[in-house]
Protein chains: 2
Amino acid sequence: MDWRARLLRMEGLAPLLGDDGGLVWGTLADAAPDAELVFLGLKDGKGCFAAVPAEGDNAPAYAIRDVWNMLGALSPGDLATYGGARSLVDWHARHRFCAKCGQPTVLAKGGWQRNCRSCGAQHFPRTDPVTIMLVEHADKLLLGRGLGWPEGRYSALAGFVEPGESIEEAVAREVLEETGVVAGSVQYIASQPWPFPSQLMLGCHAMASGEELTIDTTELADARWFTRAEVEHAMAGGADPAFLPPPQTAIAHFLLNWWIAR
Amino acid sequence: MDWRARLLRMEGLAPLLGDDGGLVWGTLADAAPDAELVFLGLKDGKGCFAAVPAEGDNAPAYAIRDVWNMLGALSPGDLATYGGARSLVDWHARHRFCAKCGQPTVLAKGGWQRNCRSCGAQHFPRTDPVTIMLVEHADKLLLGRGLGWPEGRYSALAGFVEPGESIEEAVAREVLEETGVVAGSVQYIASQPWPFPSQLMLGCHAMASGEELTIDTTELADARWFTRAEVEHAMAGGADPAFLPPPQTAIAHFLLNWWIAR
């Protein structure tokens, strides 16, 4: 039996970063004595854990901008480790009670489950599928601005898949609801976990049947069609771009480069 | 203002079916006076609702075989309506309390949300992404048998996407865990909502690097490689097939036909 174990150091839900800009690993002694521990897996022959934040110590469910910016500096491996760990401990911190009967639950199966000792219900971490899509018409792309986004930033439209929908139906509904545009020929391109708090981003491409916009201003600050030249210039970091592209860590950035290269 | 509204008739979580084999719609008076109602959308100019089952009146989270069989007889439109409605009312029935603080929650936003009046937390219906994959090697397919499945039935391997994973990573991990086979070159084919209780099935194809099997018998009763001829014969309903194919309503059935036709 090998008892070597490491603890992913976090402050609430934010990662501690070392001098080299990478994640910091401590020992299990670094966790509070009564902390719930989640087993992340094995790395370099050692069991890796993360601690569920104490009650009241968890940040809002959605990321503050500081953490988003920090993510851009992590290596892909560190990013995946932190993302999975953050989703899990955040879920535990927000699910200490049984949704079925209201009684307290306890961590089980190494942190991949919570059980209710009162009614016996089992609860599992959430992963919420979200469609994010480039909508194309006549070699132009439809991009939108969320409410409260940084000045000039436009990105791919996105929205949660709702119960009873396929990916392809969710893309068409979301585009119609947010912009009034009818879209079809949906093609899946790539996926990305996005742990704020627990999304699975489903990157797609769709073709629009027209360009007339009826923007839902409760969802979007704006939406606009951008020409291929405008997209290429903005993504190349050119001067005075038509829009500020999404950050490199976001799947929207990958999708835009995929569209340019296609 | 148009007050015309219809209620989807259900017995617990099972659909009531009419003489024509279709869903049955009643009026809101058919619901219990204190029933929570979920707004499903508009159909033929009328608002459509479903009632959350009374406490203790909901079936197990996973479908009984009777309901699965019943689904095969529904039209695609009825199937989509029932699937979405079932996912939603089942979620409400199993989430009457706040997972964050343990106090009772109330239905909000027409049934697409529950709010906690005590701590203010908002809760949303779950949609759980599940990968389901045809794994190919040398023109053969790897299919598995779940524990307790009908005699002779084999289907595509499947498993939940875990926090921190992409679709492609989930496919590779699940195939490795369940069968010991190393799979890559994952391709997304199609998706399907599967309301038992709230899955989004992500149908994929992957290529294996070899055929040696190490089956996880806690997850699977068996897994085997089937030749193209065996798959074609079984899917065509031929006599004495090598395996019993998955039911027509399942995305695995669609995936097998896609592979044959490709």
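# A walk through two chains

B:Asp90 is found in helix 2 of chain B. That is where this tour of a predicted model begins. Is B:Asp90 buried or exposed? B:Asp90 counts as buried, because its relative accessibility is 0%, and the cut-off for burial is under 20%. B:Phe226 is 136 residues away from B:Asp90 in sequence. In space, 37 Å lie between the two, C-alpha to C-alpha.

Stay with helix 2 of chain B, which spans residues 76–93. Which strands does this helix lie across? They are strand 7, strand 8 and strand 9 of chain B. The helix runs at about 15° to strand 8. These three strands form an open sheet in chain B, in the order 7-8-9. Their pairing is antiparallel. Strand 7 (105–108) and strand 9 (122–123) of chain B are the edges. Each has a single partner strand, so one side of each is left without a neighbour in the sheet. Strand 8 of chain B covers residues 113–116. Two bridges join strand 8 to strand 9 of chain B. Across this pairing, B:Asn115 stands opposite B:Gln122 in strand 9.

Now turn to chain A. Here helix 2 also covers residues 76–93, and its sheet comes next. The sheet is open and has four strands, in the order 4-1-6-5. Its pairing is mixed. Strand 4 (25–26) and strand 5 of chain A stand at the edges. Each of them has a single partner strand, so one side of each lacks a neighbour in the sheet. Strand 1 of chain A, residues 5–8, pairs with strand 4 of chain A in the antiparallel sense. Two bridges make up that pairing. A:Gly26 in strand 4 is the bridge partner of A:Leu7. Helix 2 of chain A packs on this sheet. It touches strand 1, strand 4, strand 5 and strand 6 of chain A. Its direction makes about 160° with that of strand 5 of chain A.

Aromatic rings come next. A pair of aromatic rings is described by the distance of the centres and the angle of the planes. How many aromatic pairs does the structure hold over all chains? There are nine. In one of them, the rings of A:Phe39 and A:Phe49 have their centres 5.2 Å apart. Their planes stand at 55°, so the pair is tilted. The pair links distant parts of the chain, 10 residues apart. A:Phe39 belongs to strand 5 (residues 37–43) of chain A, and A:Phe49 to strand 6 (residues 46–51) of chain A. A:Phe39 is partly exposed, with a relative accessible area of 31%. In chain B, the pair of B:Trp194 and B:Phe196 is edge-to-face. Their centres are 5.2 Å apart, with 75° between the planes. B:Trp194 and B:Phe196 are buried. Back in chain A, one aromatic cluster is formed by A:Tyr154, A:Phe226 and A:Phe243.

Charges also sit over rings. A:Arg228 lies over the face of A:Trp259, at 4.0 Å from the ring centre. In chain B, the charged end of B:Arg145 sits over the ring of B:Tyr154. The distance to that ring's centre is 5.9 Å.

Next is helix 4 of chain B, residues 228–235. Which residues of this helix are buried? They are B:Arg228, B:Val231, B:Ala234 and B:Met235. Seen down the helix axis, they fall within an arc of 135°, so they line one face of helix 4 of chain B. An α-helix has 3.6 residues a turn, so residues three or four places apart point the same way. The buried residues of helix 4 pack against strand 11 (140–146), strand 15 (220–227) and helix 5 (251–261) of chain B. After helix 4 of chain B comes B:Gly237, with a positive phi near 75°.

The tour ends at strand 14 of chain A, residues 199–208. Nine of its 10 residues are buried, so the strand is largely enclosed by the rest of the structure. Strand 10 (residues 128–137) of chain A runs parallel to strand 14 of chain A and is joined to it by nine bridges. In this pairing, A:Thr131 stands opposite A:Leu202. Strand 13 (residues 183–194) of chain A pairs with strand 14 in the antiparallel sense, over nine bridges. A:His205 in strand 14 is the bridge partner of A:Gln187. A hairpin joins strand 13 to strand 14 of chain A through four residues.

Note on methods:
Residues are numbered from 1 along each chain as its sequence is written. Chains are lettered from A and ligands numbered from 1 in the order in which they are written. This is a predicted model: local features need pLDDT of at least 70, side-chain atom pairs count only at pLDDT 80 or more; totals for chains, interfaces and linings use all residues. Side-chain values use heavy atoms; hydrogens and water are left out. Rings of Phe, Tyr and Trp (its six-membered ring) pair if their centres lie within 6.5 Å; planes under 30 degrees apart count as stacked, over 60 as edge-to-face and the rest as tilted. Buried means under 20% relative accessible area, exposed over 50%, partly exposed in between (1.4 Å probe, protein chains only). A charge sits over a ring if NZ of Lys or CZ of Arg is within 6 Å of the ring centre and within 35 degrees of the ring normal. Two strands pair if DSSP finds at least two bridges between them. Contact means heavy atoms within 4.5 Å. Axes are lines fitted to C-alpha atoms, for helices over the stretch in contact, and angles run from 0 to 180 degrees between N-to-C directions. The arc is that of the directions from the helix axis to the C-beta atoms.
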